[in-house]
Amino acid sequence: MSVDLEDYYCDLPFSSWSKYESRVVGSTKVILELFDKHKVNATFFTLGYVAERHPELIEEIKSKGHEIATHGYSHTDLRKMDLKTFETDLTKSLKILEQISGEKILGFRAPFFSIDKRNFWTFDVLKKYLEYDSSIFPVRTPLYGIAGAKRYPYHPSHDNPLKEDVNDKFLEIPPATLPIPIIGNIPIAGGFHMRFLPLSIVKSGIKKINKNGHPAMCYVHPKDLDPETPRIPEYSWYYYWGLDNSKKKFESLLKNFSFSSVRETVLS
Ligand SMILES: [Zn+2]
């Protein structure tokens, strides 16, 4: 289980963030309470910007036994960055997160799942500082994804990160998908997809992944469970779909499956 720890306005350009009122502490506490109740240990892909402003929240997450990983500093789409700006953004977040958590950060998730065939150079940076990534979504959507990418954790090769190199220690942990004949893989276990799809499809998708002997990488944003999240005109309808029912759905997943952090599930 993972949380992309960011505020509801973080999909907007960084320069506009200061005019919005933060809700991230309250909405993250809702998730923490659910994790406590169902004894779930998770990986929090945390935005450096959020950690800088709310260090006590990160300390609380850490004290509950969850893993702190990074989601970068400024939530910039990697397809709009070059190697140098990405490295600066990543290392800025690592410095903040390692200082607060008191331990080495091992994992990264790209904002907007924005690693695709155009920016595989990102792995040169990631492998320099980290042990795993969870950004390659093996789906075809208008917003992100690489159709045909691997669906289960693997070691991406230096020459082609879509191929496995068992000698490479770095891990790629793709978010959970369900293969549908003719259509291809669909994302099942996070964000909009978790809110949109019938719970039965999400559950059967996770069961199939587990049956094949793999963990299902699920994710949630604090805003996914916050029905009061302020409406932002620039955001599309799918930001708000199913918010009234999402907490119940999410809790049902926590009740029916056993979840843990990447550090405990895959790396241990
Ligand atoms: Zn994000």
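## Close-up views of a predicted model

**View 1. Helices α1 and α8 pack at an angle of about 30°, with their axes 10 Å apart.** That angle makes α1 roughly parallel to α8. Angles under 35 degrees count as roughly parallel, over 145 as roughly antiparallel, 65 to 115 as roughly perpendicular and the rest as oblique. Axes are lines fitted to C-alpha atoms, for helices over the stretch in contact, and angles run from 0 to 180 degrees between N-to-C directions. The crossing of α1 past α8 is right-handed. A crossing is right-handed if the near helix is turned clockwise from the far one by less than a right angle, and left-handed if anticlockwise. On the α1 side, V30, L34, F35 and K37 make the contact; on the α8 side, K247, F250, E251 and L254 do. Contact means heavy atoms within 4.5 Å. By class, there are five nonpolar, no polar and three charged residues here. Ala, Val, Leu, Ile, Met, Phe, Trp, Tyr, Cys and Pro count as nonpolar, Asp, Glu, Lys and Arg as charged, and the others, Gly among them, as polar. Helices (H or I, at least four residues) and strands (E, at least two) are DSSP runs, numbered from the N terminus.

This is a predicted model: local features need pLDDT of at least 70, side-chain atom pairs count only at pLDDT 80 or more, and totals for chains, interfaces and linings use all residues. Residues are numbered from 1 along each chain as its sequence is written, and side-chain values use heavy atoms, with hydrogens and water left out.

**View 2. Helix α7 (residues 199-211) meets helix α8 (residues 246-256).** Their axes come within 11 Å and cross at roughly 30°. The two helices are therefore roughly parallel to each other. α7 passes α8 in a right-handed crossing. L199, V202, K203 and I206 of α7 touch the α8 side, made up of K249, S252, L253 and N256.

**View 3. Two residues of helix α7, K203 and G205, are shown in turn.** K203 counts as buried, at 18% relative accessibility. Buried means under 20% relative accessible area, exposed over 50%, partly exposed in between (1.4 Å probe, protein chains only). Not counting residues up to four places away in sequence, K203 touches S252, L253, N256 and F257. K203 and I188 are 15 residues apart along the chain, and their C-alpha atoms are separated by 8.8 Å. G205 is buried too, at 0% relative accessibility. Leaving aside neighbours within four places in sequence, G205 is in contact with L178 and I188. From G205 to V220 is 15 residues in sequence and 16 Å in space, C-alpha to C-alpha.

**View 4. Helix α4 packs against helix α5 (residues 122-129).** The angle is about 30°, and the axes are 10 Å apart. α4 and α5 are therefore roughly parallel to each other. α4 passes α5 in a right-handed crossing. From α4 come L83, F86, E87, L90, T91 and L94; from α5 come T122, V125, L126, K128 and Y129. The contact has seven nonpolar, two polar and two charged residues. Look at E87 in α4. E87 is buried, with a relative accessible area of 11%. Not counting residues up to four places away in sequence, E87 touches V125, K128 and Y129.

**View 5. A zinc ion is coordinated by E6 (OE), H71 (NE2) and H75 (NE2).** The distances are 2.0 to 2.1 Å. Donors are N, O and S atoms within 2.8 Å of the metal (3.2 Å for Na, K and Ca); water is not among the atoms, so sites may look incomplete. In sequence, the donor residues are spaced E-x64-H-x3-H. E6 and H71 link distant parts of the chain, 65 residues apart. E6 sits in the loop between β1 (2-5) and α1 (24-37), and H71 in the loop between β3 (67-70) and α4 (83-101). Both E6 and H71 are buried.

**View 6. F113 and I182 have positive phi values.** Most residues other than glycine have a negative phi. F113 has a phi near 50°. F113 lies in the loop between β4 (107-108) and α5, and counts as buried at 6% relative accessibility. I182 has a phi of about 70°. I182 lies in the loop between β7 (177-180) and β8 (184-187), and counts as exposed at 92% relative accessibility.
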